[in-house]
Amino acid sequence: MHQQIPHESAALHVTGEALYIDDLPSSPSLLIGRVVYSPYAHARIVSYDLTKAREAPGVVAVLSAKDIPGHNQMGPVVKDEPCLAAEGVTFIGQAVFLIAARTDAQCRAAEKLIDVKYVPLEAILTLEEAIAANNLLGPPRRMQRGDVEVALGSAPHVLKGELRTGAAEHWYLETQAALCVPGEGPEMTVYSSSQNPSETQKLVAEVLGVKKKDVVVEVRRIGGGFGGKETQGNHVACWSALLCRATGCPVKIRLFRDEDMIMTGKRHRFLTRYEVGFDDQGKLLGVKFELNSDAGAATDLSFAIMERAMFHCDNAYYVPAIDVTARVWRTNLPSNTAFRGFGGPQAMAAMETVIDRVARYLHKDAAEIRQANFYGLEQDNVTHYGQVVENNRLHTIFDQLMKSSEYAARRKAVQEFNAANEFWKKGLALTPVKFGISFTTSHLNQAGALVNIYSDGTVLVNHGGTEMGQGLHTKIQQIAATELGISIDRVRVNATNTSKVPNTSPTAASTGTDMNGMAVKHAVETLKDRIAECVAALFNERDPSAVHTAKGDCCFESDVIFDSRHPERRIGFAEAIPQVIVRRVSLSATGFYRTPGIGWDKTKGVGTPFRYYAFGMAVSEVLVDTLTGAMTLLRTDILHDAGDSINPGIDTGQIEGGYIQGLGWCTTEEIKWDSAGNLMTHSPDTYKIPTAKDIPIDFRVTLLEQATNPNAIYGSKTVAEPPFMLGLSTWMAIKDAISAVANHTVEPEYALPATNEVILLSIEKLRNMMKVNASEPVHA
Amino acid sequence: MMKSIVITTTINKRKHELEVHPNTTLLDLLRDELGLTGTKRGCEAGECGACTILMNGQAVNSCLVLAPQIDGQEILTIEGLADGDKLHPLQESFLDHDAVHCGFCTPGMLMSAKSLLDRNASPTELEVRTAISGNLCRCTGYQQIVDAVLETEPVKRET
Ligand code: FES
Ligand code: FES
């Protein structure tokens, strides 16, 4: 345990043997499926004729909503998403027809023969339009503590403003894919790239009009998910399943990159208004947030995402009086969905903006303001929803990182550089993250496992989590091997399969290892107990004269089982297993885990929604070319709390990857739609995720030491989502560099992502203001 | 329908005589016809590098190469990188450095890295970053991959 062990599939990946959906060996009867989608953001379907397409060469089936044998719905929470559009379409990219043919070329040829008439309707394509039209997706929500109006009214200083944060595409390297294989009668096996196989199973059964017992969903591995396959992997599975049922043949659908980008939802855009009151030292006295998110055309997970945003608008700071109002708006764009951080990043960007503005206003270093407002250890340690921030590591991390990153010296150097250079400016920023771990929908905090031990002493572990590169299966393998005291190569983690472990929660909310690891541990404990009983009996039979071995005396270590009080009584693990079988004892056991100690009253807005908090901080330094807006990321130092890391190599990689993904969202990843609702950034040449040349020139990532977490398996802490939000350190460093143009006397205009264009426009505005208002400092 | 043509080519050190459609991409030929699915489809537009293979030692995006273009050429794919059961030092180094997360970019990364090390046995960090800058990875943040390439033992680098 707590070791650097390579990813369980890494050896297969480096030789190209690891199989994704698109690599599965195909049968001669395999058909290729294609989705025909809406070209209008909002339209009525007047008529269509599929006759010609159905007669096209190679085509086996062309389906519309009328051909769905079961329910035509797909919504994970609210049933407001049709599997295939029936009467009308509500976004460009919405599935309308399905085609199955021998080849993709035949599908495309058939698509051209579909005759469909639409009557375009007025579409809502921006948050502003949605707000103006009062196009709310559901009732607004509010969380509050204290009296904000009083706090703002009596505060020595008050600032207000608004912030826009952009959408983002998941850009998992493997696009959405599913392969459905028919079985006997109603049976079907679905090979899917889904983060939520149980939900995929449910929805496939519903669209087919069969029962869950008839549908098996299997996920071997996912080529990147990041939330984008939590609900939206279901669509491809359902479409493939419909074609499979209609043709009686195996059907595979793999979205092409552009289609994937056009058809699937993104991170929610937010428009946040804020107002903050603070004292001369920069202590926050009251903050008011108005969060607005763009849900797109359907509900998907938008309310849960907004709820997490509401929980995280405090980020790491204690605010005595706080009032958060949240509204989720409907637009005619693909339904936005889960994406690493799940609303957290959008809310934290707003809070960090508040802190940054307070610092600039008071002419103080922003790190100092951050520190002054961190949740306290003994007091000021309760969040606005009533959860105590326990095991608070903010202060420890801050102190260590300020030192290790040489923040103070570098701040001075940055100031000197900026004083000496007119056209180049440097910026430096530290930002923290405090992220609550658990599904905020409390019943999802459960996990199951099924562990089998075979007669040769090898172990097959099934659990409900999916492997998408985060190293979950590797950690599970480590946990099972550690518990049984056997070498890791005796343990195999099976593909996630709904027939092995039923009714599972999605692999999301950073809970994969915490929950499934515990479920596996429980299953293994049951097995160990049974094995120990047999082994103790065996020892006592072999050597009846000697002292008695009780099952509790049996130790499992280094592939051996022995009596801890009489270590000469021992048997190899592989040797012991047949003895258990001879005694007719089961070597298959299930395990189950429900996260304890959590609970949350939605109506009152108080409770303990999280099992624990994850903490981390980053310091980033950038160089900005003020004539072009070009940005170079010079150095990033991250100190992150992974508890007693189960696998430091994997966790470090997750932190680096999360941070770089956050960097992309904050800087280069810009999603644009045209005035008709067409996605303009639908390919990698127009949508820029970070490349190896965009990462910090000097990149230092460290795990916090002596950081045992009492609330998760083996003292570990999840890393998955939290590091994403450390990308905000870069975003704040860029703002610091921009602000240097006006010598930090003027609040710059700013948005997220800070593309070169945003940077340049902001600098030009500052320069113009400086010209107009040369002598007086201005506070925007 | 265009007529198919016959080409001869060496793929992973084995000679092949193949009948190909002129507009089939090398990527589709490898995956769909030869079953070499280690080379991945990421974008099919020359932008992501998941389909990187070596053509006469040069890293190229196989989604941008038409099958007839490999007539008389030598192709190396991820399946040919190891020497039988013996992994290439780059593969070993990727394992040692946790440079594999979801793994979808890994084959392409390895081929780009091999092409670099074959030309330049001791590259700088910047040279490594530049060499793999056409290979997108959404999981790792690249540093572990860069370290894996940099720390591939020079003595063991030749295949
Ligand atoms: S698949 Fe060839 S570059 Fe993306
Ligand atoms: S490891 Fe997932 S894309 Fe690189």
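How many residues does the contact take from chain A, and how many from chain B?

## The contact between chains A and B

In this predicted model, 42 residues of chain A and 40 residues of chain B make up the contact. On the side of chain A that touches chain B, helix H1 (10–15) and helix H17 (648–666) of chain A each supply at least two residues. H17(A) gives the most to this side, with eight residues.

By residue class, the side of chain A that touches chain B holds 20 nonpolar residues, 14 polar ones and eight charged ones.

## The sheet in chain A

Chain A contains an open sheet of eight strands with mixed pairing. Its strand order is E3-E5-E1-E12-E9-E10-E11-E20. Strand E3 (59–63) and strand E20 (496–497) of chain A are the edge strands, each pairing on one side only.

One pairing can be followed in detail. Strand E10 (residues 188–192) and strand E11 (residues 215–219) of chain A run parallel and are joined by four bridges. A:Val190 has A:Val217, in E11(A), as its bridge partner.

## Helices against the sheet

Helix H7 (residues 233–247) of chain A packs on the sheet. This helix touches E1, E3, E5, strand E9 (177–182), E10 and strand E12 (251–254) of chain A. The direction of H7 makes about 30° with that of E9(A).

Helix H3 (residues 104–111) of chain A lies across strand E1 (31–37), E3 and strand E5 (95–101) of chain A. H3 runs at about 30° to E1(A).

## A buried isoleucine in chain A

A:Ile577 is part of helix H16 (residues 573–582) of chain A. Is A:Ile577 buried or exposed? A:Ile577 counts as buried because 23 other C-beta atoms lie within 10 Å, and the cut-off for a buried residue is 20 or more.

Leaving aside neighbours within four places in sequence, A:Ile577 is in contact with A:Ile453, A:Ser455, A:Gly457 and A:Leu587. A:Asp456 is 121 residues away from A:Ile577 along the chain, yet 7.2 Å separate their C-alpha atoms.

## The two domains of chain B

Which domains does the domain assignment of chain B give? The assignment consists of domain 1 (5–80) and domain 2 (89–152). Taken over C-alpha atoms, the centres of domain 1 and domain 2 of chain B are separated by 21 Å. The contact between them takes 14 residues from domain 1 of chain B and 13 residues from domain 2 of chain B.

On the side of domain 1 of chain B that touches domain 2 of chain B, strand E3 (52–55) and strand E4 (58–61) of chain B are the elements that give two or more residues. E3(B) has the largest share of that side, three residues. The residues of the side of domain 1 of chain B that touches domain 2 of chain B comprise seven nonpolar, six polar and one charged.

## A buried arginine in chain B

B:Arg31 sits in helix H1 (residues 26–33) of chain B. Why is B:Arg31 buried? B:Arg31 has 21 other C-beta atoms within 10 Å and is therefore buried, as 20 or more are needed.

Not counting residues up to four places away in sequence, B:Arg31 touches B:Leu36, B:Thr37 and B:Thr39. B:Arg31 and B:Arg41, ten residues apart in sequence, have a C-alpha to C-alpha separation of 9.2 Å.

Technical notes
Residues are numbered from 1 along each chain as its sequence is written. Chains are lettered from A and ligands numbered from 1 in the order in which they are written. This is a predicted model: local features need pLDDT of at least 70, side-chain atom pairs count only at pLDDT 80 or more; totals for chains, interfaces and linings use all residues. Two residues are in contact if their C-beta atoms, placed from the backbone, lie within 7 Å. Ala, Val, Leu, Ile, Met, Phe, Trp, Tyr, Cys and Pro count as nonpolar, Asp, Glu, Lys and Arg as charged, and the others, Gly among them, as polar. Domain bounds come from an automatic or database domain assignment. Two strands pair if DSSP finds at least two bridges between them. Axes are lines fitted to C-alpha atoms, for helices over the stretch in contact, and angles run from 0 to 180 degrees between N-to-C directions. A residue is buried if 20 or more other C-beta atoms lie within 10 Å of its own, exposed if 12 or fewer, and partly exposed in between; C-beta atoms are placed from the backbone.
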